[in-house]
Amino acid sequence: MRVDIYRRAEHDGIFSYLAVPEGKLIPEEVTNTDWQLEVRASEVADDAEILPNYHIEQPHQQIAAKGYAITGLKDM
């Protein structure tokens with residue numbers, strides 16, 4: 001699967017990341033924050049359990065459930 005990765009600043013130089021299937025719009029429920037494109041068309045392996053550079057766990061399961069995957073708050 002290919003995803004577009006967005007980021008937003010949180011605090012102390014930390015960022016949250018959002019992975020959206022390639023070419024899809026950012027879901028409406030997260031458009032009220034300032035997401036900036038980080039990378040387009042990033043390849044995610046079918047068996048990926050985590051996207052370590054973005055602190056996103058279970059990316060395929062999150063995308064299947066919500067349409068996007070996001071950095072976990074516990075990782076902040």
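Which residue in β2 is the bridge partner of Ile 5? In this predicted model, the bridge partner is Ala 19. The legends below treat this pair and its surroundings.

**Figure 1. The β1–β2 hairpin of the predicted model.** Strands β1 and β2 run antiparallel and are joined by seven bridges, among them the one between Ile 5 and Ala 19. Five residues lie between the two strands of this hairpin. Within the turn, Asp 12 adopts a positive phi of about 50 degrees. Strand β2 is mostly covered, with six of its seven residues buried.

**Figure 2. The open sheet of four strands.** The strand order is β3-β1-β2-β6, and the pairing is antiparallel. Strands β3 (36-43) and β6 form the edges, each pairing on one side only. Strand β6 comprises residues 69-70 and is joined to β2 by two bridges, with the two strands running antiparallel.

**Figure 3. The largest nonpolar core, with Ala 19 as one of its members.** Eleven residues make up this core: Val 3, Ile 5, Tyr 17, Ala 19, Val 44, Ala 48, Leu 51, Tyr 54, Ile 56, Ile 63 and Ala 69. At least two of the core residues come from β1 (2-9), and at least two from β2 (15-21). A second, separate core contains seven residues, including Leu 18, Val 20, Val 30 and Trp 35. In soluble globular proteins, nonpolar side chains tend to be buried together. With neighbours within four places in sequence left aside, Ala 19 is in contact with Val 3, Asp 4, Ile 5, Ile 56, Ile 63, Tyr 68 and Ala 69.

**Figure 4. Tyr 54 in the loop between β4 and β5.** Is Tyr 54 buried or exposed? Tyr 54 has a relative accessible area of 16% and therefore counts as buried, the cut-off being under 20%. This residue also belongs to the largest nonpolar core. Beyond residues up to four places away in sequence, Tyr 54 touches Ile 5, Tyr 17, Glu 38, Val 39 and Thr 71. Of these contacts, Ile 5 and Tyr 17 are listed with Tyr 54 in the core. Thr 71 is 17 residues from Tyr 54 along the chain, and their C-alpha atoms are separated by 6.6 Å.

**Figure 5. Glu 22 and Ala 41.** Glu 22 lies in the loop between β2 and β3, and its relative accessibility of 40% makes it partly exposed. Which residues does Glu 22 touch, not counting those up to four places away in sequence? The contacts are Arg 2, Val 3, Asp 4 and Ala 41. Glu 22 and Glu 43 are 21 residues apart in sequence, with a C-alpha to C-alpha distance of 9.4 Å. Ala 41 is placed in strand β3 and, at 22% relative accessibility, is partly exposed. Although Ala 41 is not a glycine, its phi is positive, at about 55 degrees.

**Figure 6. Gln 58 in the loop between β5 and α1.** Helix α1 spans residues 59-66. Gln 58 has a positive phi of about 50 degrees although it is not a glycine. With a relative accessible area of 32%, Gln 58 is partly exposed, because the value falls between the cut-offs of 20% and 50%.

Technical notes:
Residues numbered from 1 in each chain as written. Predicted model: local features only at pLDDT ≥ 70, side-chain atom pairs only at ≥ 80, totals over all residues. Heavy atoms only, no water. Core = buried A, V, L, I, M, F, W, Y, C linked by side-chain atoms within 4.5 Å. Buried < 20%, exposed > 50% of the residue type's maximum accessible area, 1.4 Å probe, protein only. Contact = heavy atoms within 4.5 Å. Pairing = 2+ DSSP bridges.
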